[in-house]
Amino acid sequence: MEKVIGIDLGTFNSCVAVLENQTPVVIANRGGYKVTPSMVAITEAGKRLVGHIAKRQAVTNAENTVYAAKRLIGRKFDSAQVKNSMATCPYRIVDGPHDDCRIQLRDKVYSIPEISAMVLQEMKVISEDYLGHEIQKAVVTVPAYFNDGQRQATKDAGAIAGLDVIRIINEPTAAALAYGFGKQIDRTVAVYDLGGGTFDISILEISSEGVFKVISTAGDTFLGGEDFDQRIIDWLVQGFKEEHSTDLRQDRMALQRLKDAAEKAKCELSGVTETEVNLPFIISSTRNEALHLQRLLTRAQLEELTDDLVARTVQICEMTLEEAGLDKDEIEDVIMVGGMTRMPRVQAAVSEFFEREPCKGVHPDEVVGLGAAIQGSALVDDSIDMVLLDVTPHTLGIMVVGEYFEELIPQNSTVPTSRSKEFTTVKDNQTAVKIIVFQGESRRAKENELLGEFILTGLRRAPAGEVTVDVTFEINADGIVSVFAKDLDTGKEQSITVTASSGLTEDELDQMVEEAREFAVARRTDEGMEEAKQQAETLIAEIEKLFPEVEQVVAGSDFGRDAITKARSVVDATRELMERGDAAGLKEQIDALSRTHRMFKGVVGKAG
């Protein structure tokens, strides 16, 4: 049966998992790490770096190293979140051709789905190295509160990476799948997911029959570990400015060093009560003197700096419980997901709110990827007895007179679903109506996200209010929205399938897919070349080590002199192939090297 991988595409870190023998397994990368930094860099030579190798060079190449791209995916350039990122990130965020935001690295501008695709492609390679064959299908997770545009942009990223994303599922839902998979339990659980860039809370009912039903979900797609880091950075910058009258934000390299130091201090303070931030030679003064940053940060100070962020997550939890119509004592388990849940203050706040200790049985960094792998296998394997009933995180409706937003499908409705409402004309002799579809929670239509619009024509001429139009919204299991309008007098219909835009045209998407495919081929060739070079260099070293002994054994023999001459010729030819970068030729030459090595060992062995 075809393998489907599950990918947790995170703000800080990503991981990939697969179901093997009915057990979900997180796949480690080549460095042995089960999570890979969601970072991408372009070097001065134009080489692309992803993951740990990108993170290691971030300080010296800050302007061309991207982190937290997930916070920008599917967003408009003029949004408040993008403006916030522009003020704090060392890389350049620029205006895209479709009002989307893009990132300039070196002399090329990349879309956000392209950047995310580089991380997804790395996850694909990690899984293929482990499984030993090509992978085409994947389930990718997103924050529960992502809107249609952000989900479509994530799906586009998968396509660019060469993956058929057969389902996008919510991160808290994936965590619940991993928690309840294979267990005969009946439980109501809350999943508190505070990751690097986003926060979600979902309330689910898990039944012993394998049904996972989401009751309600909410979140904030711009609240996470990145904001905790930023509070530390602001504190360090302010203290340095007061001490030296110098603003560290003006230096991109200094900003990246601050970012790394803040993240490290935050992590350390989960285990100790104080830590020192020590950054020598952080910047030069106006008199060209090297300035150093050295400050002590305590856990109590960090908690004070970030108290409102933790409180915000608790407020969202409270709203979600109300939406679900449940009391705290009806929640039987609290599952904590995401790296930020290691912070003692976060754990204490969650325990205090839910009045119970959180579940310790899941790994906060791996559980979402595991759940995605379970869902992926369930979609292609009928023997996995599991049903997932998710909800739509945002209200869907249309604009009515006065530019108000009229709800048709409420937030937290179980999908698939369908709802209808009747509307009337607002003008005498009106022969057409424009149906403008929005998604969001504001009563003002234009404060919500526009999903699409269409016109129903051919209405009969009549006084205002006499012609009735029936509008129907449908959402399928994949979250695809269809809207139908019908004139109840004539039976005439018009409809639209709402396809969210990621800010990319079809032509752009096709071009990016092709570029990513070429990169993958080139990468495979490079990796094959590196592997062959290592093998060849090992054999050459062994052969050259044996030359003196062989020369001594066969001294004066014509056969011996010929053998040594041929061996030197094989070694020289191999080195020439390595210099040319001829991977195919080098692989063939390794056979000749191996034969030479065996012959030399045989000669020396007989003499001994």
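Sheet. I looked up the open sheet of four strands, whose order is β22-β21-β25-β26 with antiparallel pairing; strands here are DSSP runs of E, at least two residues, numbered from the N terminus, and two of them pair if DSSP finds at least two bridges between them. I noted β22 (404–409) and β26 (449–456) as the edge strands, each pairing on one side only. Neighbouring strands of this sheet are turned by 30° against each other on average, direction ignored, with axes taken as lines fitted to C-alpha atoms. Inside the sheet, β21 (residues 396–400) and β25 (residues 433–439) run antiparallel and are joined by three bridges, and I found G397 opposite F438 in β25.

Basis. The model is predicted, so I kept in mind that local features need pLDDT of at least 70 and side-chain atom pairs pLDDT 80 or more, while totals for chains, interfaces and linings use all residues. Residues are numbered from 1 along each chain as its sequence is written, and side-chain values use heavy atoms, with hydrogens and water left out.

R48. I placed R48 in strand β6 (residues 48–50). Its side chain makes a polar contact (a pair of N or O atoms within 3.5 Å, one able to donate a hydrogen and the other to accept it) with the side chain of Q121, at 3.3 Å. Not counting residues up to four places away in sequence, R48 touches A41, I42, M118, Q121 and F519, where contact means heavy atoms within 4.5 Å.

I103. Leaving aside neighbours within four places in sequence, I listed the contacts of I103, among them V66, L72, Y91 and I115.

Terms used. Axes fitted to C-alpha atoms, helices over the stretch in contact; angles between N-to-C directions.
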